Every structure is written in C-alpha cells, then in structure tokens.
Amino acid sequence: MKNAKILITGASRGIGQAIALKLSQEGFSLVLHARQDESLIETISQLKEGIAYETITADLADPNQVKGFLSALKKAHKDLYGIVSNAGITSDKPIAYQPEKEIDLLLQVNLKVPILLGKYAMKHFMKTKKGFFVNISSVVGEIGNAFQSVYGASKAGITALSKSWAKEIGQLVPDHEVRFLTVSPGFIETDMTDQLTPAIKSLYKKSIPSNRFGHPGEVANLIAFLLSEQSPYINGSEIKINGGIA
C-alpha cells in the first residue's frame with residue numbers, strides 16, 4: 001500500500017515521530033497530528049525528501065478540539081487509508097490520591113479519543129472496504145503497574161477495542177480488506193521513560209529478559225511491517241514488543 005495516506009496522532013516525538021519517519025521512508029503519504037504545528041517542525045525536517053505530508057492540530061484533552069479534529073478528517077482526508085492512534089498521556093500517582101479531574105483527563109486522551117477515532121474509521125472503512133487501524137497500547141495494560149492503574153486501564157481498554165472492531169467489520173462488511181490491531185510496547189526510550197530515576201530504570205531493566213529498554217525505531221519497524229503486503233492475515237491481534245517482559 002505504498003503512497004497510501006496514514007494519519008499518525010502524537011507525531012511530534014517519541015514513538016509517534018519514529019513511526020512518521022519510518023513510514024516516510026517506506027513511501028507512505030502522511031497526516032501528522034500534534035497539539036501545535038510548531039511541535040512538528042523537528043519531525044517534518046527529518047521526513048524523506050519529496051514525501052507528501054499534511055499537518056492537523058488539536059489538543060486531544062479538549063473535547064471541542066477533538067470534534068474539530070474529526071470534522072477536519074472527514075472534510076479534508078476522504079482518501080485516508082490508515083490510522084496509527086498513538087497519542088497518549090500518563091500520570092503516576094497512587095489511585096487513593098489521584099484527583100478525579102486527572103482521571104478524567106487520562107481517560108479522555110487515552111481511551112475516549114481512540115474510541116471516537118475508531119468510530120470515524122469504521123464508517124470510513126465500511127465505504128472504502130480497505131483500511132488499517134492500529135492502537136498503540138502498553139505493557140502496563142497487560143501486567144499492571146503500581147501508581148499507573150488508570151493509565152493501565154486505559155491501555156487495556158484500547159486493546160479490547162481493536163479486537164472488537166476487527167470482529168465488527170467482519171460482520172458488517174464481509175467482503176473487506178480492513179484490519180484493526182494493537183501494538184503493545186514495553187519500556188521504550190522516550191520522554192516518559194526519561195523521567196524515571198536511574199534507580200527505577202535499573203529496577204525495570206532487571207525484569208526485562210532483553211536487559212534493556214526498547215527504541216522507538218523498533219516499534220516503528222513493526223508498524224511498517226504490519227502495513228506491508230507481508231502481513232494481510234494479521235487482524236484483531238495484540239502484538240507485543242517488550243523485550244520479553246510479558
């Protein structure tokens with residue numbers, strides 16, 4: 001599906017940025033999302049020369065901006081082939097002391113936005129009969145983690161979404177080439193893990209059979225494979241890329 005148009009949310013840094021750069025090398029055209037256009041300057045500067053790209057901005061924590069974001073997709077990107085729902089936030093706190101506003105924010109960005117994106121994608125794919133949607137989840141959604149219970153719950157939720165949507169499209173449109181997937185990274189070297197203390201990093205690494213954190217580019221390589229013609233029968237699956245931690 002070279003030249004197909006792919007939306008990547010949270011494309012300004014970390015895993016999202018790595019996916020954008022990899023897919024540009026693979027010849028896909030891109031719709032890059034971030035909260036502000038300025039945040040995408042670094043990503044854009046590293047794209048393969050000549051690659052087609054557009055930007056779309058929205059603060060996914062703001063329901064009104066999410067509505068505008070979805071409306072822009074419908075109007076300006078009727079040729080969209082795939083979505084990488086990558087944008088997410090975390091907040092590490094004991095649940096007993098986590099403010100309800102913070103809980104709502106985590107669920108809004110990490111769970112409700114992917115639900116709304118999936119709703120849009122389902123309607124779109126029912127017409128095109130072709131498409132690709134991947135939720136970027138987390139190992140925390142599988143094994144849990146102290147002080148990340150709401151984050152983990154939101155990530156477990158999007159795994160269930162992908163599995164359910166794969167079954168839905170099969171019943172709604174029997175003759176289709178649409179896939180819904182989940183990719184669940186383990187501990188990856190991003191801004192999130194950079195905030196960990198050396199002692200915590202060392203503790204986590206001891207629990208990882210590969211004895212290291214992953215690299216964003218390794219997740220991007222997996223996404224590129226899943227988008228390739230080598231993986232058409234992988235559907236509804238949760239693909240783990242975590243160094244063996246779970």
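1. Let me begin with the overall count: searching the whole structure gives seven salt bridges. The term stands for a side-chain nitrogen of Lys or Arg within 4 Å of a carboxyl oxygen of Asp or Glu. Please keep in mind that this is a predicted model, where local features need pLDDT of at least 70, side-chain atom pairs count only at pLDDT 80 or more, and totals for chains, interfaces and linings use all residues. Residues are numbered from 1 along each chain as its sequence is written, and side-chain values use heavy atoms, with hydrogens and water left out.

2. One of the salt bridges pairs glutamate 54 with lysine 5, with 3.2 Å between the closest N and O atoms. This pair ties together distant parts of the chain, 49 residues apart: lysine 5 belongs to strand β1 (residues 5-8) and glutamate 54 to strand β3 (residues 53-57). Strands here are DSSP runs of E with at least two residues, helices are runs of H or I with at least four, and both are numbered from the N terminus.

3. The classes are buried for under 20% relative accessible area, exposed for over 50%, and partly exposed in between (1.4 Å probe, protein chains only). The areas themselves come from the Shrake-Rupley method with a 1.4 Å probe, and for residues only the protein chains shown count as cover.

4. Lysine 5 also has a polar contact of 2.9 Å, side chain to side chain, with aspartate 79. A polar contact is a pair of N or O atoms within 3.5 Å; within protein, one must be able to donate a hydrogen and the other to accept it, and residues adjacent in sequence count only if both atoms are side-chain atoms.

5. Another salt bridge joins glutamate 102 to lysine 93, where the closest N and O atoms are 3.0 Å apart. Glutamate 102 is classed as buried because its relative accessibility is 19%, while lysine 93, at 30%, is partly exposed. Shared partners, for their part, connect Lys5, Glu54 and Asp79 into one salt-bridge network.

6. Lysine 22 and glutamate 26 form a salt bridge through their side chains, at 3.5 Å from N to O. Lysine 22 is partly exposed, with a relative accessible area of 26%, and glutamate 26 is partly exposed with 26%.

7. On the surface, a patch of positive charge brings together Lys74, Lys78, Lys119, Lys123 and Lys127. Patch members have over 30% relative accessible area and no salt bridge; like charges are joined within 9 Å, and nonpolar side chains (Val, Leu, Ile, Met, Phe, Trp, Tyr) within 5 Å. Which helix gives the most to the positive patch? Helix α4 (residues 100-128) does, contributing three residues. Lysine 119 sits in helix α4 and counts as exposed because its relative accessibility is 52%.

8. Finally, please look at serine 138, in the loop between β5 (130-136) and α5 (140-143). At 6% relative accessibility, serine 138 is buried, and a polar atom of its side chain lies 3.0 Å from the backbone nitrogen of valine 140.

How values were computed: Lys and Arg count as positive and Asp and Glu as negative; His and the chain ends are not counted. The place of a charge is taken as NZ of Lys, CZ of Arg, CG of Asp or CD of Glu.
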